[in-house]
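Visitor: Please give me a close look at a single part of this model. Start with that part, then show me what lies around it.

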Amino acid sequence: MMRLLGFIGGALTLALVQAAPAGAMTIEKIVSPKGITAWLVREKAVPLVALNYAFKGGAAQDPAGKSGTANLVADTLDEGAGDLDSKAFHDRIERHAIELSFNASRDEFRGSLRVLNEHRDEAFDLLRKALTEPRFEPSAVERVRGQELAGLRRETTNPNSIAGRIWWETAFPGHPYSFETKGSLETVPAITPDDLRDFTKRVFARNGLTVSIVGDIDEKTAGEMIDKAFAALPAANDLKPVADVKPKGLGRRIVAELDVPQAVVMFGGPGLGRHDPDFMAAYIVNHILGGGSFSSRLYKEVREKRGLAYGVSENLAWFDHTALIMGGTATRADRTAEALAIIETETKKMAEEGPTADELAAAKDYLKGAYALSLDTSSKIAAQLTQIQLDRLGIDYIQRRSAMIDAVTLDDAKRVAKRIYGSGMLVTVAGRPKGLASSTQ
Amino acid sequence: MAAAVTLLLCPAGAGAAEQSGPKISDFKLDNGLELVVIPDHRAPVITHMIWYKVGAADETAGKSGLAHFLEHLMFKGTAMHPAGQFSSVVARMGGQENAFTSSDYTGYYQRVPSEKLEEVMGFEADRMTGLVLTDAVVLPERDVILEERNQRMENNPRARLGEQMDAALFLNSPYGRPVIGWRHEMEGLTKDDAIGFYRRFYGPNNAVVVVAGDVDPQQALAFAKQTYGKLKPHADIAPRARPLEPPPAAVRSLTLADPRVEQPTLQRSYLVPSFHTAKPGESEALEVLAHILGAGSNSRLYRALVVDKHVAVSAGAYYDSSAYDMSKFGVYGAPVEGVSLTDLESATDAVIAEVIDKGVTADELDRSKSRLVADAIYAQDNQATMARWYGQALMTGATVADVQSWPDRIRAVTAAQVQNAARQWLERIRSVTGYLVKDTGPAVNKAERTAPAKSGSTGEKRS
């Protein structure tokens with residue numbers, strides 16, 4: 001691991017929109033002096049650096065009966081580390097205007113850091129301390145746990161949370177995905193500081209690490225900063241295996257009674273994995289049915305024509321061990337059944353007939369053009385680079401993406417619409433929807 | 001306050017440039033339209049926003065929710081561009097759009113490739129005067145805003161407490177009205193109400209266009225002249241003169257009880273100056289005070305209530321300088337189990353009293369000012385944030401120069417000014433205190449139940 005900092009595979013200059021040299025963005029693949037690979041975008045316009053990274057192993061690695069562990073780690077990592085207690089740690093963060101955040105998703109433990117150049121060393125030093133020497137002092141853990149439990153108590157009467165929890169419990173019984181990443185009122189009290197320490201030891205390792213760095217920084221300094229933060233971590237993680245799984249309960253409807261004026265509806269079913277050959281077609285078809293802001297079929301039918309809801313949407317979601325389509329809306333109790341019937345009709349219609357040629361062309365234009373909007377700040381670029389790396393799409397993905405979208409034909413779209421919308425959905429509702437009860441099954 | 005009640009058209013999701021920041025251009029067209037251009041050449045995209053100096057505070061009594069309703073109806077088409085055309089053109093560009101309404105302003109924006117700027121300006125100029133409404137589109141949209149009210153307010157006890165507190169804090173100012181509107185008034189809003197409001201307030205001399213992104217300022221000006229510049233100024237736009245608050249005379253408190261409250265909460269709002277209504281330095285001192293008192297884990301309230309005394313699970317404070325009239329300063333906390341809201345309130349008052357009596361330390365002052373000033377640099381990393389900062393400032397009585405001098409004005413705040421701000425403005429008589437509690441049954445007299453001793457049960461499952 002004595003190699004010098006250098007490039008692997010060269011650098012790629014990508015013009016996001018043709019003939020717009022101002023928007024050219026170069027992604028460099030760099031290897032730090034200690035051998036950690038990262039993607040770097042140098043951007044001198046603002047004197048700051050944005051770091052985004054992920055460790056394989058998120059909430060799906062929570063110990064049995066202790067769901068919420070990864071999330072509690074994320075909320076407690078900035079509560080003291082190494083020689084700094086919680087107060088001293090927060091003092092340095094605030095004094096140097098450092099933005100440091102951690103969060104747990106189902107498959108990854110993620111983090112981001114944003115700092116002005118003048119405080120860069122201090123920031124990466126604090127990050128190293130947090131990742132390698134977290135204190136997890138009992139008083140700090142109890143305090144943070146108290147905040148989480150207050151939030152979980154609120155959720156027990158929140159229709160969004162209730163509909164969501166039932167959906168995941170029903171779709172993935174017995175699997176780590178059945179739990180919310182934040183855990184529950186039953187599991188969060190059971191988590192000990194040793195559980196938190198154990199989680200960091202099993203998950204925070206260099207082999208599961210993905211790093212992206214964007215900002216006013218050269219590759220040499222970037223390599224030094226990456227080593228400062230991550231080189232002290234162990235080489236290999238120790239993850240428990242997680243089974244691949246498909247959502248259950250398709251065709252089922254579950255209504256949870258809750259005294260609120262508006263019922264919240266969640267619906268979902270199996271989607272397509274990120275490396276499925278039909279993924280891009282599914283992405284486009286989903287956009288036509290339920291994506292975008294004011295253009296989707298569901299938006300037009302549910303909101304614009306009938307005024308049934310303020311919002312309705314549907315998305316693709318992919319995980320390491322499953323893939324989903326998921327959507328939701330919130331609508332008044334006496335018209336929930338009508339809204340749900342429209343969603344079901346539109347979904348079925350899309351499965352049977354697919355999109356029109358015009359819809360396909362419009363969706364392609366949108367999806368190609370709008371990508372630039374997800375790459376217009378340092379933090380957004382860094383997050384996007386991490387996602388591209390996690391999805392193993394290749395350093396030239398941004399360059400290839402438009403051609404991949406263009407390659408989807410109307411026949412592809414129709415075939416894939418049937419594939420993703422033809423297998424039925426699991427529907428959960430929280431509220432008092434008139435004339436809508438749980439289905440038997 | 002303005003920011004806290006901003007409503008977006010679709011569920012989505014003040015500061016400054018340092019010397020090192022972008023050079024801002026500020027133009028005025030002959031018809032009175034102001035154009036602000038913020039260069040950001042990193043990506044070939046622009047954020048185009050049009051801000052109208054009209055919001056919920058400009059509604060006639062009895063028509064609450066009208067400014068926001070009109071915002072939704074602005075997407076229903078014009079004689080030249082039928083309903084949906086603008087949105088579908090923006091989508092076809094790969095653009096994103098949305099709109100928002102606050103007490104003081106209404107805004108619309110598109111984020112599109114740079115070369116599309118003139119085209120979106122053309123559409124936006126067209127709907128500034130060309131809106132066409134029919135009951136066929138107005139009535140379903142009224143159902144949409146009622147569902148939006150359900151989603152934001154009725155399904156959310158904390159939001160309803162905030163609504164009640166605003167109504168109690170602002171006795172005479174229309175800021176006491178919810179931006180979304182009171183349900184019974186929203187139900188009666190009509191097409192004619194919306195068109196009347198539109199004709200009264202929408203015009204080039206009541207609007208500011210902010211363009212942030214990959215564009216040359218002179219080019220943006222030329223596009224603006226070509227599009228917005230062709231509109232005639234509105235003859236009857238008058239300066240905003242809303243009813244103002246009388247001096248506060250009574251300490252107010254209220255309780256919102258709801259069976260769904262599983263975590264009680266204490267909220268306090270004080271009537272304080274905004275940047276626009278404050279004397280020089282006052283608003284900046286309030287910003288630093290809010291930061292020292294209640295931003296983050298090392299703030300006074302968090303240290304005292306959460307860490308040292310263990311009476312709260314969370315605590316904090318906030319202040320929004322951007323309001324055309326008076327603004328508010330907020331303090332909040334959620335008690336740990338077994339601590340009453342009354343006890344939490346006493347502990348909170350003790351923290352505030354200490355700042356009033358003994359002031360803040362030089363270290364707290366330095367730390368807070370560094371953090372606040374850094375936000376101005378972080379903002380430069382996001383063209384949409386920059387556009388929002390300038391737009392919001394210009395809508396609430398500030399100028400481009402005011403935004404640019406903000407970091408210097410924050411740096412100039414002294415410990416004595418912070419202490420004076422606390423002494424002068426955090427008086428109980430200027431405040432409303434709100435208690436959010438669990439409604440445990442119909443037999444209880446809600447008016448008397450101001451602060452129960454215990455929080456709700458912890459292990460309750462969904463019913």
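Guide: In chain A, 39 residues of domain 1 are in contact with 32 residues of domain 2. Contact means that the C-beta atoms of two residues, placed from the backbone, lie within 7 Å. This is a predicted model, where local features need pLDDT of at least 70, side-chain atom pairs count only at pLDDT 80 or more, and totals for chains, interfaces and linings use all residues. Residues are numbered from 1 along each chain as its sequence is written, while chains are lettered from A and ligands numbered from 1 in the order in which they are written.

Now the bounds. Domain 1 of chain A covers residues 2-230, and domain 2 of chain A covers 253-431. Such bounds come from an automatic or database domain assignment. The C-alpha centres of these two domains of chain A are 27 Å apart.

Which elements build the domain 1 side? In chain A, strands E1 (6-14), E2 (25-31), E3 (37-42), E4, E8 and E9 (209-215), along with helix H5, each supply at least two residues of the side that touches domain 2. Helices (H or I, at least four residues) and strands (E, at least two) are DSSP runs, numbered from the N terminus. H5(A) gives the most to this side of domain 1, with nine residues. By type, the residues of the domain 1 side that touches domain 2 of chain A divide into 22 nonpolar, 11 polar and six charged. Here Ala, Val, Leu, Ile, Met, Phe, Trp, Tyr, Cys and Pro count as nonpolar, Asp, Glu, Lys and Arg as charged, and the others, Gly among them, as polar.

Some of these elements turn up again. Chain A also touches chain B: 63 residues of chain A are in contact with 62 residues of chain B. Among the elements that give two or more residues to the chain A side are H5 (159-171), E8 and H4 of chain A. The residues of that side divide into 28 nonpolar, 17 polar and 18 charged.

In chain A, the buried residues of H6 (193-203) are A:Leu196, A:Phe199, A:Thr200 and A:Val203. They share one side of H6(A), because they cover an arc of only 95 degrees around the axis. That arc is taken from the directions from the helix axis to the C-beta atoms. A residue is buried if 20 or more other C-beta atoms lie within 10 Å of its own, exposed if 12 or fewer, and partly exposed in between. The buried residues of H6(A) pack against E4 (48-56), H1 (69-76), E8 (108-116) and H4 (138-155) of chain A.

A:Phe199 counts as buried because it has 23 C-beta neighbours inside 10 Å. Leaving aside neighbours within four places in sequence, A:Phe199 is in contact with A:Gln61, A:Thr69, A:Ala70 and A:Val73. A:Val211 is 12 residues from A:Phe199 along the chain, and their C-alpha atoms are separated by 20 Å.

A:Phe136 is found between H3 (120-132) and H4 of chain A. A:Phe136 is not a glycine, yet has a positive phi of about 45 degrees. Most residues other than glycine have a negative phi. A:Phe136 has 22 C-beta neighbours inside 10 Å, so it counts as buried.
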